Amino acid sequence: MRRPPSDAETAYRELFEAAYDDLLCFVERRTHPAVADDVVAEVFLTAWRRFDDVPGPLSDARAWLFTAAYHVLRNRQRSEQRQQNLTLRILREPDDPGHAEADGVAARVDLVRAWHRLSVKDQEVLTLTVFEGLTGTQAARLLNISRPAFSLRLLRARRRLHQLLRPHLDLDARMSETPPPAQPSTAAGVSA
């Protein structure tokens with residue numbers, strides 16, 4: 001249904017004020033902050049041009065904006081993927097034995113490695129629910145898939161991330177269970 005121009009302008013302003021910050025955060029999580037404003041501006045321009053396609057309820061309109069941002073960012077994902085691959089290659093460089101990493105840093109590196117080994121689709125479903133706080137229905141609509149398909153994709157992404165982290169988790173568990181090395185003893189069994 002086509003809105004009268006004055007109603008459309010008022011509704012658009014309300015949508016802009018209600019959704020701008022969330023949309024900016026959504027975009028900033030997916031791209032460099034320096035270009036996030038440009039992406040958000042493009043999304044709102046698209047929303048203005050296609051305002052008759054924007055759903056009326058705020059929650060649905062917000063999800064529509066996220067979907068539009070997703071499509072704007074899609075073209076940028078290829079270059080981001082190349083950048084991630086370079087980061088992964090750098091992370092795979094052999095460690096300098098002279099510099100031991102702190103456990104927290106090692107855990108983050110393991111998570112980054114596991115994250116980069118996930119497919120783009122796995123990363124998408126995880127970020128939409130974890131970082132963006134979208135419901136399953138909203139995320140499914142954003143990806144243009146059914147709710148059950150989204151749930152299945154999310155379940156599989158979680159399993160794959162867990163599988164990628166499992167070797168590191170198992171190694172950490174084994175390291176904590178390893179007994180300390182035995183004390184050297186003399187031939188007579190009496191320590192010096």
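**Reading burial, helices and core**

Guide: Thr67 counts as buried, at 15% relative accessibility, where buried means under 20% relative accessible area, exposed over 50%, and partly exposed in between (1.4 Å probe, protein chains only). This is a predicted model, in which local features need pLDDT of at least 70 and side-chain atom pairs count only at pLDDT 80 or more, while totals for chains, interfaces and linings use all residues. Residues are numbered from 1 along each chain as its sequence is written, and side-chain values use heavy atoms, with hydrogens and water left out.

Visitor: Where is the place of Thr67, and which residues is Thr67 in contact with, leaving aside its neighbours within four places in sequence?

Guide: Contact means heavy atoms within 4.5 Å. Thr67 has its place in helix α3, and, with neighbours within four places in sequence left aside, Thr67 is in contact with Arg141 and Leu142. Helices (H or I, at least four residues) and strands (E, at least two) are DSSP runs, numbered from the N terminus; the protein has seven helices and zero strands.

Visitor: Is Asn144 buried or exposed?

Guide: Asn144 has a relative accessible area of 70% and is therefore exposed. Asn144 is found in the loop between α6 and α7, and its phi is near 60 degrees, a positive value in a residue other than glycine. Although Asn144 and Thr67 are 77 residues apart in sequence, they are 8.8 Å apart in space, C-alpha to C-alpha.

Visitor: How should I check the length of helix α2 (residues 33–49), and which of its residues are buried?

Guide: The expected span of a helix is 1.5 Å times one less than its number of residues. The 17 residues of α2 should therefore span 24 Å, and its end C-alpha atoms are 25 Å apart, which agrees. The buried residues of α2 are Ala36, Val39, Val40, Val43, Phe44 and Ala47. Seen down the axis of α2, these buried residues fall within an arc of 135 degrees, so they line one face of the helix; the arc is that of the directions from the helix axis to the C-beta atoms. Turned away from that buried side of α2 is a face that carries the exposed residues Ala34, Asp38 and Arg49.

Visitor: What is the general idea behind a nonpolar core, and which members of the largest one touch the most other members?

Guide: In soluble globular proteins, nonpolar side chains tend to be buried together. A nonpolar core is a set of buried Ala, Val, Leu, Ile, Met, Phe, Trp, Tyr and Cys residues joined through side-chain atoms within 4.5 Å. The largest one here has 41 residues, of which Leu23, Phe26, Val27, Val43, Leu65 and Leu142 touch the most other members. At least two residues of this core are supplied by each of α1 (5–28), α2, α3 (58–91), α5 (120–130), α6 (136–143) and α7 (147–177), and the largest share, nine residues, comes from α3. Because domain 1 (1–89) and domain 2 (103–175) both give residues to this core, it lies between them; the domain bounds come from an automatic or database domain assignment.

Visitor: Which residues does Leu65 touch, not counting residues up to four places away in sequence?

Guide: With those residues not counted, Leu65 touches Leu15, Ala19, Leu23, Val43, Phe44 and Ala47.
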